[in-house]
Amino acid sequence: MATISSVETLANDDGVSVFESVRPRLFGIAYRMLGSAAEAEDIVQDAWLRWQGTDRSVVVDPPAFLATATTRLAITFAQSARSRRETYIGPWLPEPIDTSGDPRLGAEKAEALEFAVLLLLEKLSPTERAAYVLREAFDYSYDQIAHTIRSTESNARQLVTRARKHISDGRRKAVSSSQQKRLLNAFIVASQKGDLPALEKLFASDVVSYADGGGAVHVARLPVSGRDRVANYFASVGSFMGVGVTIEWIETNGQAGALVLRNGAAIGLATIEASEEGIF
């Protein structure tokens, strides 16, 4: 972390240049913790307001101060977000974000960006989530993590260890990015054709389909589980990706994603997690 010691520089620009220089990291921390770009932007804005209300002349390490403020704001927000998501209409899924050229995330490590990891992080306590994100995505020392979450170094180590185990237990060995895109393309084509046998060949036996319509789009409100049920589901509803629809390939959360457009307007986004057993 860089240390800014010029009080005069901070005073002259109201701390704008310092804040903007670390904004990608602040957004990256908040997004990984909350799984929502909109909520992450709100947290970053709150951190900015806090920065403006701080006597910056006494801040020895502005980037550290801002990262700590952002993390603590995200912890507080995550505690209330958990209760809201328990009453969410249908499954809650992380809000996808374009990582192909997004400077807010591209400047940092890719850890804890994939949908599968964000969903697993959602099962952790906000403090565990913060410890994991700071360690795995931003290389914070345990001493820095302890200070940020107002804990001890030993407890910070325990939190990271528990979080790592949770993430590891919930993940499978993923296929390469090119294989993931190939399987996603095959899934889109089979769904558009309503090709049940082709869909069944693509899926692992324990595949689970999640759809998040936010209450505004008609999608399955409960996860669909099992090869036969998921294949039948997409064979019957795949027409929404058929006539009058175009597919645009994008990178979301570090993985290939298929943006579904009708008349030039986005109506959905499809992505998959895959292992050697198939799409799961």
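Buried means under 20% relative accessible area, exposed means over 50%, and partly exposed is in between, with a 1.4 Å probe and protein chains only.

**Entry 1: helix α7**

Helix α7 spans residues 126–136, and nine of its 11 residues are buried. The buried ones are Pro126, Glu128, Arg129, Ala130, Ala131, Tyr132, Val133, Leu134 and Glu136.

A note on what I'm looking at: this is a predicted model, where local features need pLDDT of at least 70 and side-chain atom pairs count only at pLDDT 80 or more, while totals for chains, interfaces and linings use all residues. Residues are numbered from 1 along each chain as its sequence is written, and side-chain values use heavy atoms, with hydrogens and water left out.

**Entry 2: the whole chain**

I looked up the overall numbers next. The chain has 12 helices and seven strands. Of its 280 residues, 42% are buried. It exposes about 13,900 Å², and 51% of that comes from carbon and sulfur atoms; the areas come from the Shrake-Rupley method with a 1.4 Å probe, and for residues only the protein chains shown count as cover.

For contacts, I use heavy atoms within 4.5 Å. Taking contacts between residues at least 6 apart in sequence, 65% join residues at least 24 apart.

**Entry 3: a sheet and its helix**

In what order do the three strands of the open sheet run? I read it as β3-β4-β5, with antiparallel pairing; two strands pair if DSSP finds at least two bridges between them. The edges are β3 (245–252) and β5 (265–270), each pairing on one side only. Neighbouring strands here are turned by 30° against each other on average, direction ignored.

β3 and β4 (residues 255–262) pair over eight bridges in the antiparallel sense. Helix α10 (residues 177–193) packs on this sheet and touches β3, β4 and β5, its direction making about 30° with that of β4. For such angles, axes are lines fitted to C-alpha atoms (for helices over the stretch in contact), and the range is 0 to 180 degrees between N-to-C directions. I also noted that glutamate 251 stands opposite alanine 256 in β4.

**Entry 4: aromatic rings**

I pair rings of Phe, Tyr and Trp (its six-membered ring) if their centres lie within 6.5 Å; planes under 30 degrees apart are stacked, over 60 edge-to-face, and the rest tilted. That gives six aromatic pairs.

One of them joins tryptophan 51 and phenylalanine 65: the centres are 5.6 Å apart and the planes at 45°, so I call it tilted. Tryptophan 51 is in helix α3 (residues 37–52) and phenylalanine 65 in helix α4 (residues 62–86), 14 residues apart. Tryptophan 51 is buried at 0% relative accessibility, whereas phenylalanine 65 is partly exposed at 27%.

Another is phenylalanine 187 with phenylalanine 234, whose centres are 4.9 Å apart and whose planes stand at 80°, so this pair is edge-to-face. Phenylalanine 187 lies in α10 and phenylalanine 234 in helix α12 (residues 227–237), so the pair ties together parts 47 residues apart in sequence. Both phenylalanines are buried. Phe187, Phe203, Tyr233 and Phe234 make one aromatic cluster.

I also checked for charges over rings (NZ of Lys or CZ of Arg within 6 Å of the ring centre and within 35 degrees of the ring normal). The charged end of arginine 56 sits over tryptophan 51, 5.7 Å from the ring centre. Arginine 172 does likewise over phenylalanine 280, at 4.4 Å.

**Entry 5: two buried residues**

Valine 230 is in α12 and is buried, with 1% relative accessible area. Which residues does valine 230 contact, leaving aside neighbours within four places in sequence? I found Phe203, Val207, Ser209, Val224 and Ser225.

Threonine 70, in α4, is buried at 0%.

**Entry 6: positive phi**

Most residues other than glycine have a negative phi. Aspartate 139 has phi near 55°; it is in the loop between α7 and α8 (142–148) and is exposed at 53%. Asparagine 263 also has phi near 55°, sits in the loop between β4 and β5, and is exposed at 75%.

Conventions:
Helix = DSSP H or I, 4+ residues; strand = E, 2+ residues; numbered from the N terminus.
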